[in-house]
Amino acid sequence: MKIHEYQARDLLSKFGVAVPAGIMVENPVDAGKAFTELAKRHNAKLAVVKAQVHAGGRGKGGGVKLVKTADEAREVARTILSKPLVTPQTGPKGVPVTKLLIAAGVDIEKEYYLGMAVDRVSGCPVLIASSEGGVDIEEVAHTKPDAILREAISPMIGLRPYQARKVAYRLGFRGQQVRMASKIMHQLCDLFLQTDASLAEINPLVVTKPTTEHPDGEVLAIDAKINFDDNALFRHEDIASLADPLEEDKSEAHARRFGLSYIKLDGTIGCLVNGAGLAMATMDLIKLHGQEPANFLDVGGSASEEAVTEAFRIILDDPHVKGVLVNIFGGIAKCDTIAKAIITAADEVGFKVPLVVRLEGTNVDIARKMLDDARSRIPTLTPATDLTDAAKKITSAINN
Ligand code: GDP
Ligand code: MN
């Protein structure tokens, strides 16, 4: 599960991380008021208007703008809210912007990167850090992998003080900065472990320009991205409640309600498969035969007839779908359950596009007979004997 930057900043704050003040708004007038509020309460001389969308690279797409007056904040807010935001991570169509964060602006001396993730190689959480943070971190990771530090974290003990100090010195922090940066590393690590996060990034972590009050500058988090493990959300009601329905794909949310793993894709062949591995193999075969899958869909082992019928409803609801491929290996999932769902879907939704069905495993004979008996109700159905046969049949049905 993903959350917005303004929510991630709140969470960082709860764990003690120093974050500049910010106010979430949903229209230009409130953006102007928020600027005035930040100026009054926090003595902010400048503010940043930031699009709140579940995609990064906003700065590069014009979704992060510095402003110096309330009027400017209002105008910039109007512009950002008026059109979809296109960033290197959104695709060419962009994403709609309905929320903005108006944050107190800071005078940046230098930008760093600090993140926590799960490292599959070492099988434990890892602290990732770089002194070359900011909007080009992906580029740095590709061209200068040595500029990225990694420190494995014990999931039992958490980050140890010597590890934080080591990373802080290697990043080039000096004087009071070492203490401030180490503290943030500990807080970020605690947040990551305690909330069952799968990713927690502060990019950039900044050192502000020195002042008489802070001769070494201050170390602050000015952007945050936190993702959580969906399978652990039942332990964190407060975090689950942060989900933004406006950011979710409707069909994906629909699928989740029925316990289906569904991801919408750009192709034309709808796939209904059981098992993530078989689903990926099926998508590969579709591509091998010159077409693109319209979705990833794993109905799982324990799928009920109702859930599978909903799965067909979701697939057939997508106007890009020109054909459907069903590929089921009946183990725990029984082939006759799938056959029943196909027949129900045919009656309730109707297959106007070609449907190729490959069934194998538990109760396959019963399932084949059911489908055979129902042929007149599903005229577009073609049975297939194996995976390749199925992929060939659906691609040629579409091509004709
Ligand atoms: P992202 O592009 O989606 O990662 O959005 P960020 O919040 O990271 O902002 C992008 C860039 O805008 C940062 O790397 C900074 O260079 C700049 N920026 C963001 N907030 C401030 C601020 O308060 N002051 C200054 N001077 N620059 C900022
Ligand atoms: Mn950022």
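Colleague: Where is Gln 194 found?

Modeller: Gln 194 is found in helix 6. Bear in mind that this is a predicted model.

Colleague: Is Gln 194 buried or exposed?

Modeller: Gln 194 counts as exposed, because its relative accessibility is 52% and the cut-off for exposed is over 50%.

Colleague: What is Gln 194 in contact with, leaving aside neighbours within four places in sequence?

Modeller: Two residues come up: Phe 15 and His 236.

Colleague: How many residues apart in sequence are Gln 194 and His 236?

Modeller: The separation is 42 residues in sequence. In space, C-alpha to C-alpha, Gln 194 and His 236 are 9.6 Å apart.

Colleague: Next, Thr 195. Where is Thr 195 found?

Modeller: Thr 195 sits in the loop between helix 6 and strand 8.

Colleague: Buried or exposed, that Thr 195?

Modeller: Thr 195 is buried: its relative accessible area is 6%, and buried means under 20%.

Colleague: Which residues does Thr 195 touch, not counting those up to four places away in sequence?

Modeller: Thr 195 touches Phe 15, Phe 228, His 236 and Ile 239.

Colleague: What joins the side chains of Asp 196 and His 236?

Modeller: A polar contact of 2.7 Å. With sequence neighbours within four places left aside, Asp 196 is in contact with Phe 228, Asp 229, Ala 232, Arg 235 and His 236.

Colleague: What about the backbone? What is phi of Asp 196?

Modeller: Phi of Asp 196 is near 55 degrees. That is a positive value, and Asp 196 is a residue other than glycine. Asn 363 has a positive phi as well, about 60 degrees, although Asn 363 is not a glycine.

Colleague: Where does Asn 363 lie?

Modeller: Asn 363 lies in the loop between strand 15 (355-361) and helix 12 (364-373). Asn 363 counts as partly exposed, because its relative accessibility is 28%.

Colleague: Changing topic to helix packing. At what angle do helix 5 and helix 6 pack?

Modeller: About 125 degrees, with the axes of helix 5 (residues 161-170) and helix 6 (residues 176-194) 9 Å apart. Helix 5 is therefore oblique to helix 6. The crossing of helix 5 past helix 6 is right-handed.

Colleague: Which residues meet in helix 5 and helix 6?

Modeller: From helix 5, there are Pro 161, Ala 164, Arg 165, Val 167, Ala 168 and Tyr 169. From helix 6, there are Val 178, Ala 181, Ser 182, Met 185 and His 186. By class, this contact has eight nonpolar, two polar and one charged residues.

Colleague: And how do the axes of helix 10 and helix 11 cross?

Modeller: Helix 10 (residues 305-317) and helix 11 (residues 335-348) have axes that come within 8 Å and cross at roughly 50 degrees. So helix 10 is oblique to helix 11. Helix 10 passes helix 11 in a right-handed crossing too.

Colleague: Which residues of helix 10 and helix 11 make the contact?

Modeller: Helix 10 uses Glu 305, Val 308, Thr 309, Phe 312 and Arg 313. Helix 11 uses Thr 337, Ile 338, Lys 340, Ala 341, Ile 342, Thr 344, Ala 345 and Glu 348. The classes in this contact are six nonpolar, three polar and four charged residues.

Colleague: Last bit, the whole chain. How many helices and strands are there in the protein chain?

Modeller: There are 13 helices and 16 strands. The C-alpha trace spans about 85 × 50 × 40 Å along its principal axes. Of the 400 residues, 48% are buried.

Colleague: What share of contacts between residues at least 6 apart in sequence join residues at least 24 apart?

Modeller: The share is 69%.

Methods: Residues are numbered from 1 along each chain as its sequence is written. Chains are lettered from A and ligands numbered from 1 in the order in which they are written. This is a predicted model: local features need pLDDT of at least 70, side-chain atom pairs count only at pLDDT 80 or more; totals for chains, interfaces and linings use all residues. Side-chain values use heavy atoms; hydrogens and water are left out. Axes are lines fitted to C-alpha atoms, for helices over the stretch in contact, and angles run from 0 to 180 degrees between N-to-C directions. Helices (H or I, at least four residues) and strands (E, at least two) are DSSP runs, numbered from the N terminus. Angles under 35 degrees count as roughly parallel, over 145 as roughly antiparallel, 65 to 115 as roughly perpendicular and the rest as oblique. A crossing is left-handed if the near helix is turned anticlockwise from the far one by less than a right angle, and right-handed if clockwise. Contact means heavy atoms within 4.5 Å. Ala, Val, Leu, Ile, Met, Phe, Trp, Tyr, Cys and Pro count as nonpolar, Asp, Glu, Lys and Arg as charged, and the others, Gly among them, as polar. Buried means under 20% relative accessible area, exposed over 50%, partly exposed in between (1.4 Å probe, protein chains only). A polar contact is a pair of N or O atoms within 3.5 Å; within protein, one must be able to donate a hydrogen and the other to accept it, and residues adjacent in sequence count only if both atoms are side-chain atoms.
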